[in-house]
Amino acid sequence: MTSLWWDTLPEHLTAPLGEPLDGDESADVVIVGAGYTGLWTAYYLLTTQPGIRVTLLEAEHAGFGASGRNGGWCSALFPASVAKVAAMSDRDSAVRLQRAMHRAVDDIGAVAESEGWDIHWAKGGTLVAARTPLQWERAQDEIAEWRRWGFGEEDYRLLGADEARQLLNATDVIGATYTPHCAAIHPARLVRHLARAVVERGGIIHEHSPVTELRPGFVRTAHGRVRAQHVVRATEGYTPRLPGYQRAIVPVYSLMIATEPLGKDVWDSIGLASRPTFSDGRHLIVYGQRTADDRLAFGGRGAPYHWGSGVLPDFDREPAVFADLWRNLVDLFPAVSGHVVTHSWGGPLGIPRDWCASVGLDPVTRMAWGGGYVGDGVGTSHLAGRTLADLIGGRETEITSLPWVGHLSPDWEPEPLRWLGVNVGLRVMGSADDVEARTGRPALRARVFSRFLG
Ligand SMILES: Cc1cc2nc3c(=O)[nH]c(=O)nc-3n(C[C@H](O)[C@H](O)[C@H](O)COP(=O)(O)OP(=O)(O)OC[C@H]3O[C@@H](n4cnc5c(N)ncnc54)[C@H](O)[C@@H]3O)c2cc1C
């Protein structure tokens with residue numbers, strides 16, 4: 001079953017964008033992977049340096065990866081906390097990075113508007129509901145933490161029970177955190193519009209052209225090579241399949257379900273009138289949005305990590321996880337029970353060993369990369385693409401001095417340690433919610449493991 005997003009694309013956005021590579025070519029910049037990272041990089045290169053020759057090589061079709069399948073939270077979330085980034089750099093740099101993330105959300109909206117892309121944009125912010133006293137305690141701590149870094153009510157705030165329920169009338173809500181820095185979008189519309197814009201500006205996309213080797217100065221497929229001064233790796237969760245990168249990123253699957261369009265009576269009881277994206281304070285992440293055509297699209301982690309960082313189409317589907325997602329959705333919104341799930345799908349996201357996304361260009365080899373966004377790649381990949389275009393263009397700008405630029409995450413452990421560590425970590429995070437529900441006390445094991453993993 002394809003994702004809701006691919007299934008609801010208008011026909012003109014599903015049309016092929018480029019022939020497979022057949023023979024040798026040259027370019028100024030060759031980019032491996034046509035998801036948001038590769039495409040934003042190409043878009044900003046072509047916008048800031050008209051005439052530059054940019055070629056993308058995509059194993060499947062543009063938007064095949066996480067960019068075409070995600071939850072559609074165009075958020076300002078960065079996978080490493082401000083405190084962690086500050087420890088890697090300094091307070092001012094960490095705050096600048098978070099502010100750049102806030103701007104990235106608006107920049108995506110502004111590009112979509114100026115280009116005339118209908119990506120079902122609704123900037124309703126994000127609400128994370130607290131549904132137990134422990135979750136409420138954590139919500140208060142989180143807001144206090146934002147204040148320590150100088151972010152005010154206009155960026156992050158607490159909502160009391162009534163205000164929270166007016167936005168999101170889920171069961172057991174006793175409060176929430178709220179940030180305006182998020183828009184709900186149709187992710188596949190964004191990635192396919194972006195890919196078309198790249199082609200219209202003179203970029204070349206070779207779809208169905210899996211790269212088998214990346215080297216300084218060229219990349220190779222089974223049917224030819226592309227030589228270029230700059231080589232960009234933008235392969236996120238699929239990175240371990242490339243020779244030499246097996247331990248760079250761990251692919252972890254996130255899975256989603258979507259309901260049929262729901263009627264006015266259901267929406268009157270749930271809320272979400274301004275389409276804020278939503279979650280709650282549990283450890284094993286869940287996320288949702290009300291789509292422009294009035295469905296609930298709802299996702300979460302919980303799928304296992306596969307030995308050797310395996311990525312296969314079969315792993316997109318885990319019936320037990322889909323069933324859990326549905327149970328959780330009905331638990332949040334009893335009004336959806338009796339309605340039909342029309343779509344279920346999944347895909348790999350990419351987790352670096354220190355959970356810190358990065359972007360960079362090695363000035364000697366001229367090999368560049370962007371990724372490691374964990375589950376927060378929609379906004380972050382836009383900042384990555386703009387940054388890569390500046391780095392490749394040799395421009396020193398406000399964003400090229402941000403602290404994630406040039407950051408090198410350590411490699412993951414070899415197997416079997418990686419398999420054991422990641423799967424035990426995923427289990428512990430899952431069981432932490434049960435432990436808390438049973439005991440009413442914080443699950444310490446989850447804290448220990450989130451430290452190990454992050
Ligand atoms: C189910 C799910 C829900 C998510 N929800 C959200 C969300 O709501 N908000 C958010 O911010 N983030 C979310 N994410 C994460 C976000 O989607 C990703 O971080 C982001 O899309 C990554 O973009 P990318 O371009 O770096 O990678 P991808 O979109 O994965 O693109 C990589 C591309 O590289 C191609 N490729 C791989 N190997 C090769 C090769 N050898 N040769 C050529 N091409 C290759 C792949 O086919 C793929 O198209 C979610 C992810 C998933 C899976």
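Guide: In helix α10, V321, F322, L325, L329 and L332 are buried. Buried means under 20% relative accessible area, exposed over 50%, and partly exposed in between, with a 1.4 Å probe and protein chains only. Helices (H or I, at least four residues) and strands (E, at least two) are DSSP runs, numbered from the N terminus.

Visitor: How do the buried residues of α10 fall, seen down its axis?
Guide: They fall within an arc of 100°, so they line one face of α10. The arc is that of the directions from the helix axis to the C-beta atoms.

Visitor: And which exposed residues are on the face turned away?
Guide: P319, A320 and R327.

Visitor: Before we go on, what kind of model is this?
Guide: A predicted model: local features need pLDDT of at least 70, side-chain atom pairs count only at pLDDT 80 or more, and totals for chains, interfaces and linings use all residues. Residues are numbered from 1 along each chain as its sequence is written, and side-chain values use heavy atoms, with hydrogens and water left out.

Visitor: New topic. Which residues come nearest the ligand?
Guide: T37, E58, S67, G375 and V378, of the 35 residues around the ligand. A residue counts as near if one of its heavy atoms lies within 4 Å.

Visitor: Which elements supply at least two residues each?
Guide: Among them are α3 (36-48), β16 (341-351) and α11 (377-392).

Visitor: Where do N and O atoms of the protein and ligand meet?
Guide: A polar backbone atom of V378 is 2.8 Å from a ligand oxygen. For W73, a polar backbone atom is 3.0 Å from a ligand nitrogen. A polar side-chain atom of N70 lies 3.3 Å from a ligand oxygen.

Visitor: How much of the ligand's accessible area does the protein cover?
Guide: The protein covers 97% of the 1000 Å² that the ligand has on its own. Such areas come from the Shrake-Rupley method with a 1.4 Å probe; for residues, only the protein chains shown count as cover.

Visitor: Last one: is W5 buried or exposed?
Guide: Buried, as W5 has a relative accessible area of 2%. W5 lies in helix α1 (residues 4-7).

Visitor: And R148, buried or exposed?
Guide: R148 counts as exposed, at 53% relative accessibility. R148 is in helix α6 (residues 133-148).

How values were computed. Polar contact = N/O pair within 3.5 Å; in protein donor to acceptor, adjacent residues only side chain to side chain.
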